[in-house]
Structures are given as structure tokens and as C-alpha cells.
Amino acid sequence: MPPLTSSPVYFGNFLVTSQVFHKTAHSFALVNIKPLLPGHVLVSPLRAAQRLSDLNHAEISDLFLTVQQVGRMVERVYGASSLNIAIQDGPAAGQSVPHLHTHIIPRQSADLDDRGGGDAIYGMLEGEEGDVGKHLWESSNRRPKFPAVDDSSRAPRSEEEMAEEARRLAQEMSRQHL
């Protein structure tokens, strides 16, 4: 199955077309290069707005309807009972890519008990593990690769792995009742 769209899709200055699994008039959903938990995906406006307050009414409505639709799908597909939905709105809040994005993380009971409990996800989002921009930068061909300094069990995924997950989730979105 080819990518969902032939038009280039950028997340900040990163070309992510092959990672996109859902696209609307104003938003897109993409798989994460280094998911914190299985099914961790991102939803972002098509326009590279940096902050939530930069969106117009149509964009903000579309973004949150897309978050709701994608959230339902990942909860179903990944067998989750709950979701974390988070926006790091600006650099001081931990935003690592200057393009607004919403994290959707499917959760299961006791999934982070080994890390101190369910609230550990917030530290993961704010720390090295959740630095999407750093992971995208390291995976790009613009500079040499350096060894990862964070949890080795969460190595960045290959373009092929992410494209395959995007294809699978695109099929699931087409089955989703909106």
C-alpha cells in the first residue's frame, strides 16, 4: 500500500509523509519515531503553527475532532482502557519540535508500575525519552548518528517500520466509525 498521501507532509522541518496514517482538511496523524508506549501517535495541524493559540477556529476544531477519532482507534487497536492526551505548548512546556502536536498514548492498567506508576508518563514526555525533535533530528541524514543516551529498549524505529505501522493504522482509521 503506498503512503496515504502523495503530497509532502512536514512536521516542523521534517518530511514525514510516509509516517502519516490519517489526514483531514486541517490536520494529520502520524506514528511516532520513538513511542513511549505501544500505539503512541501524534496529531498535528497541517499548517506549521507553533502554538495552540496560533490556530484559527477551523484548525482547532479539526485538530481536536481528529484527536478524538484517532484516540478511539488507537484505544481499540492497542487494547487500551484509557488514553493520555498531551500538548506541550511551547519550549518552556517541553515542546521539542516548533510545530504544534498532540500526543495520544494508549494506556492499560498497571502499564507503568515498573516505572513508579501511571503518572510516570509525564516525566517520560518531558524528559529525554519524549524528545521527538531530537529523535527525528538524529534519524535524519543531515548529521552523523551518535549513540542514543536514553533507554536502549526504545531505539528509534526505521522509516520502514514507521511506514508499515502508518499503513496498518490507516486501514484501521478507514474502519473507524466517525
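The dialogue below turns to the sheet, then to a helix, and then to a single side chain.

Modeller: This is a predicted model, in which local features need pLDDT of at least 70, side-chain atom pairs count only at pLDDT 80 or more, and totals for chains, interfaces and linings use all residues. Residues are numbered from 1 along each chain as its sequence is written, and side-chain values use heavy atoms, with hydrogens and water left out.

Biologist: In what order do the strands of the open sheet stand?

Modeller: Strands of a sheet pair through backbone hydrogen bonds, either parallel or antiparallel. Strands (E, at least two residues) and helices (H or I, at least four) are DSSP runs numbered from the N terminus, and two strands pair if DSSP finds at least two bridges between them. Here the open sheet has 5 strands in the order E3-E4-E5-E7-E6, with antiparallel pairing. Strand E3 (20-23) and strand E6 (82-87) each have a single partner strand, so one side of each lacks a neighbour in the sheet.

Biologist: How many bridges join E3 to E4?

Modeller: There are 3 bridges between these antiparallel strands. E3 and E4 form a hairpin with 3 residues between them, and His 22 has Ala 29 in E4 as its bridge partner. Elsewhere, E5 (residues 41-45) and E7 (residues 102-107) are also joined by 3 bridges, and Val 41 stands opposite Ile 104 in E7.

Biologist: Which strands does helix H1 lie across?

Modeller: Axes are lines fitted to C-alpha atoms, for helices over the stretch in contact (heavy atoms within 4.5 Å), and angles run from 0 to 180 degrees between N-to-C directions. Helix H1 (residues 57-77) lies across E3, E4, E5, E6 and E7, at about 165° to E5.

Biologist: What caps the N-terminal end of H1?

Modeller: Asn 56 does, with a side-chain oxygen 3.1 Å from the backbone nitrogen of Ala 58. H1 is followed by Gly 79, whose phi is positive, near 60°.

Biologist: Is Glu 172 buried or exposed?

Modeller: Glu 172 lies in helix H4 and is buried, with a relative accessible area of 14%. Its side chain makes a polar contact (a pair of N or O atoms within 3.5 Å; within protein, one able to donate a hydrogen and the other to accept it, with residues adjacent in sequence counting only if both atoms are side-chain atoms) with the side chain of Arg 76, at 2.8 Å.

Terms used
Buried means under 20% relative accessible area, exposed over 50%, partly exposed in between (1.4 Å probe, protein chains only).
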